[in-house]
Amino acid sequence: MCQRNERSRWISFCEKCHQPDAEPSWEPPHWQKICPYPFFPTYRNFAQNIAFVTIILLLWGVLYTIVPRLVSPSSQLFNLVVLIIAAYIGGILLFKLTTLPALIGMLIVGIIMQNLGAVNIEGNFSRVTAELRRIAVVIILTRAGLSLDQPTMKKLFVGILKLGLIPWIVECVAIAVLTHYLLNLPWNWAFLLGSVIASVSPAVVVPCFIRLRSEGYGVEKGIPTLILAAASIDDTTSIAVYGVISSIMFTESSLVNTILQGPLSVIGGVSFGLIWGFILNFVPEKNDAYVVPLRASMLFFGNYFAVVGSSRLGYAGAGPLAVITSAFICSYNWSKQGWSVQENPVVKIFRLSWIVFEPTLFGITGAQVKINELDPHIVSVGAGCLFSGVFIRILSTILICFGSNFNMKEKIFIGLSWMAKATVQAALGPLAIDSVRETNGSEEAMNYANIVLMICILSIILTAPLGAILISLTGPRLLSKSPEPIPMKDQINGSQDITIAVDNGEKEHFHDQNKEDICSPMKNSIDETN
């Protein structure tokens, strides 16, 4: 009996790492005898991983024959590639073994490799990593804009704005005040940090809410739909406000120009986005055989040009607004041509690109943390500021829900679910350091930028796993369940994809995305307890 139980536990453990294929796959003769499932992956997964590794090795071999000095094992480029691959593997392992967000594993891998001396991406090479982070921001914003569903936004407009903006403003101000007085950050740096920390991560929130909604929890009152829609507004606000504040801080100009910096950034960014989105409605022609890659390429390079160009002109806040606006206009126009938000093929191309840039972003961010240089005072006080800001945000979220048709349990759940941090913090946290370097800032400014980065990384490590656990444990207890759970395809149009496109690489770049999510083991433990 004991042996049977041990075998059952071992099989359950293996099934977490090796899920079956969604559709039957071809296998070589005797594959199951040599590599029985679930102790080994299916042949499809095995072959896919072999293909991935082979492509990387062949690419490195080609580059080594052309520019051996640039890609030799001692080069910084080689170190960067190793870091990205290790971060990707670390993310997969963490997700499959614990079902926590993969981005946490990627971040931890970067921290470990930096502090073991296994990676060196500093010095002149920091310009390369800065551009990679900028590309990651463009991809995040483009996917967010493409996935904003206009009919759903119109239907839930008031609720989305209340939930997406008011808690964000409250937490931003709270973080700014706390860090100003407790960490001695100047007001401009304090509000810059607040604009980043106030963002909620759909990478953590979305998978759990999709699971809860598919089982009927909160569906009758539209709670999952409301939160998923508001998350995109929350992230968009963070990136746009950060861009405006940073453009004011890091631009040397007259007082009049500084005052006009914010309004000009908003007007310029929205105008460029409207024009670029309008152009992409007609170019390329909608029935062109290559319309999908052409539209994806033009949208990406146009948005990347907007971010780089606005930064060069001294109006860095205009770039993110231009990206979001152009992507939303494209999504709206293309939906009239038969490309719905859920079936937009351009979105799939950007999802594929995120598979590469997610480990790149989080691996590089983690590699900037040097544990021996950390100030214990900043870490402890910063953690206190983070939890205080989260607590204030939860209270404000509960308060703005008064007057709605939600009961007290549902209000508490909405507040608890609105706290996890991840992608925006990883994308924007290091940009302050890049801005100080580009403007030849003082040592004091670099110290402030390092504090911003440290608190951003702390926010990911502390709140991402906690947010996933709280949603999973409290959802079935605080939300009412529909008598008959509503299938995903029959729920409100477009709601399940509104914020998935922001940063939920965990659900999209794993082979078993329809079989398991970050809530399932915790949900099973709840069922056993009940």
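This is a predicted model: local features need pLDDT of at least 70, side-chain atom pairs count only at pLDDT 80 or more; totals for chains, interfaces and linings use all residues.
Local features were taken at pLDDT of at least 70 and side-chain atom pairs at pLDDT 80 or more, while totals for chains, interfaces and linings use all residues. Residues are numbered from 1 along each chain, and side-chain values use heavy atoms, leaving out hydrogens and water.

To start with the helices (DSSP runs of H or I, at least four residues, numbered from the N terminus), H6 (residues 102-115) packs on H21 (residues 443-478) at about 140°, with the axes 10 Å apart. Axes here are lines fitted to C-alpha atoms over the stretch in contact, and angles run from 0 to 180 degrees between N-to-C directions. In H6, Leu103, Ile104, Leu107 and Ile111 meet Ile457, Ile460, Ile461, Ala464 and Pro465 of H21 (heavy atoms within 4.5 Å).

Turning to charges, there are six salt bridges (a Lys or Arg side-chain nitrogen within 4 Å of an Asp or Glu carboxyl oxygen). One of these pairs glutamate 171 with arginine 393 at 2.6 Å, N to O. Glutamate 171 sits in helix H9 (residues 157-182) and arginine 393 in helix H17 (residues 376-400), so the bridge ties together parts 222 residues apart in sequence. Lysine 421 also bridges to glutamate 171, at 2.8 Å between the closest N and O atoms. Both lysine 421 and glutamate 171 are buried (under 20% relative accessible area, with exposed over 50% and partly exposed in between; 1.4 Å probe, protein chains only). Through shared partners, Glu171, Asp234, Arg393 and Lys421 form one salt-bridge network.

Note on methods:
Helices (H or I, at least four residues) and strands (E, at least two) are DSSP runs, numbered from the N terminus.
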